[in-house]
Amino acid sequence: MSLEKGMQAPDFEVKNQDGETVKLSDYKGKKVILYFYPKDNTPGCTAQACNLRDNYSELQKEGFEVLGISTDTEKAHQKFIEKQELPFTLLADTEKIVHEKYGTWVEKNMYGRKYMGTARKTFIIDEEGNIADIIEKVKTKEHTNQILK
């Protein structure tokens, strides 16, 4: 089943970069940017994270909490946050449970080689926990503009 605008966002429970348990339901009453990205410290993912970092105060002014999620470990997330000075939470979905719920663990194709990986996709979740928007074609260097459009 694929997720669509207006649907309830699936709840989940994973660890953040500090090993603390985070649930989507903890954010009820807040708007959430849940962005799925392939890998810490890679060019596209760094550009996307830095775009969100550079516009973080504007996103907060609009009432958004930012949660980045990938299959990287808590330790990898810590290093990424320190290196790029990221002010938001990164979630470690090492078991791909959240990726499966959100349909972001997909078959990819590079140079004719097929493999499984993370689809770069962002879900905007409203205060009630419903999906307000889904950004399928993320522009890493202009991501904030896509969110605030």
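Trainee: What should I know about the model and its numbering before starting?
Mentor: Residues are numbered from 1 along each chain as its sequence is written, and side-chain values use heavy atoms, with hydrogens and water left out. The model is predicted, so local features need pLDDT of at least 70 and side-chain atom pairs count only at pLDDT 80 or more, while totals for chains, interfaces and linings use all residues.

Trainee: In what order do the seven strands of the open sheet stand?
Mentor: Strands (E, at least two residues) and helices (H or I, at least four) are DSSP runs, numbered from the N terminus. Two strands pair if DSSP finds at least two bridges between them. The pairing in this sheet is mixed, and the order is S2-S1-S5-S4-S3-S8-S9.

Trainee: Which strands stand at the edges of the sheet?
Mentor: An edge strand here has a single partner strand, so one side of it is left without a neighbour in the sheet. From one strand to the next, the twist averages 30°. The strands at the edges are S2 (21–23) and S9 (131–135).

Trainee: Which residue in S8 is the bridge partner of phenylalanine 36?
Mentor: Strands of a sheet pair through backbone hydrogen bonds, either parallel or antiparallel. S3 (residues 31–36) and S8 (residues 121–125) run antiparallel and are joined by five bridges. The partner of phenylalanine 36 in S8 is lysine 121.

Trainee: Which residue in S4 is the bridge partner of isoleucine 33?
Mentor: S3 and S4 run parallel, with six bridges between them. In S8, isoleucine 33 stands opposite isoleucine 124. In S4, the partner of isoleucine 33 is valine 66.

Trainee: How many of the six residues of S3 are buried?
Mentor: Buried means under 20% relative accessible area, exposed means over 50%, and partly exposed is in between (1.4 Å probe, protein chains only). By that rule S3 is mostly covered. The number of buried residues in S3 is five.

Trainee: What angle does the direction of helix H3 make with that of S5?
Mentor: Axes are lines fitted to C-alpha atoms, for helices over the stretch in contact, and angles run from 0 to 180 degrees between N-to-C directions. Contact means heavy atoms within 4.5 Å. Helix H3 (residues 74–84) packs on the sheet and touches S1 (13–16), S4 (64–70) and S5 (89–92). The angle between H3 and S5 is about 160°.

Trainee: What arc do the buried residues of H3 cover?
Mentor: In H3, His77, Phe80, Ile81 and Gln84 are buried. Their arc, taken from the directions from the helix axis to the C-beta atoms, puts them on the same side of H3. On the other side of H3, Lys75, Lys79, Glu82 and Lys83 are exposed.

Trainee: How far apart are the end C-alpha atoms of H1?
Mentor: The expected span of a helix is 1.5 Å times one less than its number of residues. The 12 residues of H1 should therefore span 16 Å. This agrees with the distance between the end C-alpha atoms of H1, 16 Å.

Trainee: How many disulfides are there?
Mentor: A disulfide is a pair of cysteine sulfur atoms within 2.5 Å. The sulfur of cysteine 45 has its closest cysteine sulfur in cysteine 50, 11 Å away, which is too far for a bond. Cysteine 45 is buried at 2% relative accessibility, and cysteine 50 is buried at 11%. The count of disulfides is zero.

Trainee: Is threonine 89 buried or exposed?
Mentor: Threonine 89 lies in strand S5. Leaving aside neighbours within four places in sequence, threonine 89 is in contact with Asn16, Gln17, Val66, Leu67 and Gly68. Its relative accessibility is 19%, so threonine 89 counts as buried.

Trainee: What is the phi of glutamate 85?
Mentor: Most residues other than glycine have a negative phi. Glutamate 85, in the loop between H3 and S5, has a positive value. Glutamate 85 is exposed, with a relative accessible area of 65%. The phi of glutamate 85 is near 55°.

Trainee: Where is tyrosine 111 found?
Mentor: Tyrosine 111 has a positive phi of about 55° although it is not a glycine. At 81% relative accessibility, tyrosine 111 counts as exposed. Tyrosine 111 is found in the loop between strand S6 (105–110) and strand S7 (113–118).
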